[in-house]
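Have a look at the structure first, then read on.

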Amino acid sequence: MNGEPHDNDTKPGGAERRSRLRQYQVQLLERMQAAKSGERLPDRALGLDIGGRHYLLDLTQVGEIVPLQAATPVPLTQDWYLGLANIRGSLTGVIDLARYEGREPLAAGMEARLLSFAPSLGFNCALLASRVLGLRKPEDMAEQPDDEAAPPWRRQQWRDAEGQLWQRLDLAQLVREPRFLQVGL
């Protein structure tokens, strides 16, 4: 320590490696901040079908995708709060987003999955999805005007080459919505 040069400082390329590491850290921080603030969707997004509506999710906001499992109902909660499921040893609240939006409850078929929120969102919950549609590239779609009547967590939208409308599902914005935070009656 005593002011002696560090091994990386004396080896050829040590300064270059530190510079690349710093650059990588800055890029990673920018991506995390963009994901938290909901600025833009990354190059690739996860496509979901939730009750016939197609959504694009930023992968940094998704924890994991697991097969559907029964949720234990919790008394005195909203009808869109399906209960608690055990996902890898952690009790996780399960949300029917279609019902939350005032649409018909999801009929859980063979392709239904639970998508847990990323731990960075600080909200131990999972969405019930009718189907996971795989990775999509928003840049290959035609951006549509924002749906100003929609809540902030699903205003952005795109139309793909087949004419399908896709809406951004911003989980970071959703967990800030007061109604979403109030699962009790």
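The protein has 5 helices and 11 strands, where helices (H or I, at least four residues) and strands (E, at least two) are DSSP runs numbered from the N terminus. Before going further: this is a predicted model, so local features need pLDDT of at least 70 and side-chain atom pairs count only at pLDDT 80 or more, while totals for chains, interfaces and linings use all residues. Residues are numbered from 1 along each chain as its sequence is written, and side-chain values use heavy atoms, with hydrogens and water left out.

Some overall numbers come next. Of the 185 residues, 37% count as buried; buried means under 20% relative accessible area, exposed over 50%, and partly exposed in between (1.4 Å probe, protein chains only). The accessible surface comes to about 11,000 Å², and 52% of that belongs to carbon and sulfur atoms. Those areas are from the Shrake-Rupley method with a 1.4 Å probe; for residues, only the protein chains shown count as cover. Take the contacts (heavy atoms within 4.5 Å) between residues at least 6 apart in sequence: 57% of them join residues at least 24 apart.

**The sheet.** Five strands form an open sheet in the order β3-β6-β7-β5-β4, with mixed pairing. Two strands pair if DSSP finds at least two bridges between them. At the edges are β3 (62-67) and β4 (81-87), each pairing on one side only. From one strand to the next, the twist averages 30°, using axes that are lines fitted to C-alpha atoms (for helices, over the stretch in contact) and angles from 0 to 180 degrees between N-to-C directions. β3 and β6 run antiparallel and are joined by 4 bridges, and Ile65 stands opposite Leu115 in β6.

**The rings.** How many aromatic pairs does a search of the whole structure find? There are 7 aromatic pairs. Rings of Phe, Tyr and Trp (its six-membered ring) pair if their centres lie within 6.5 Å; planes under 30 degrees apart count as stacked, over 60 as edge-to-face and the rest as tilted. Phe117 and Phe123 have ring centres 6.2 Å apart and planes at 35°, so they make a tilted pair. Phe117 is buried at 5% relative accessible area, whereas Phe123 is partly exposed at 26%.

Phe123 also pairs with Phe180, again tilted, at 5.5 Å centre to centre and 35° between the planes. That pair links distant parts of the chain: Phe123 is in the loop between β6 (113-117) and β7 (125-129), Phe180 is in helix α5 (residues 178-181), and they are 57 residues apart. Phe180 is buried, with a relative accessible area of 1%. Ring pairs link Trp80, Tyr100, Phe117, Phe123, Trp153 and Phe180 into a cluster.

Two arginines sit over rings from that cluster. A charge sits over a ring if NZ of Lys or CZ of Arg is within 6 Å of the ring centre and within 35 degrees of the ring normal.

| Charged end | Ring | Distance to ring centre |
|---|---|---|
| Arg154 | Trp153 | 5.9 Å |
| Arg179 | Tyr100 | 3.8 Å |

**Positive phi.** Leu76 has a positive phi of about 60° although it is not a glycine. Leu76 is in the loop between β3 and β4 and counts as exposed at 68% relative accessibility. Arg88, another residue other than glycine, has a positive phi near 55°. Arg88 lies in the loop between β4 and β5 (90-95) and is exposed as well, at 69% relative accessibility.
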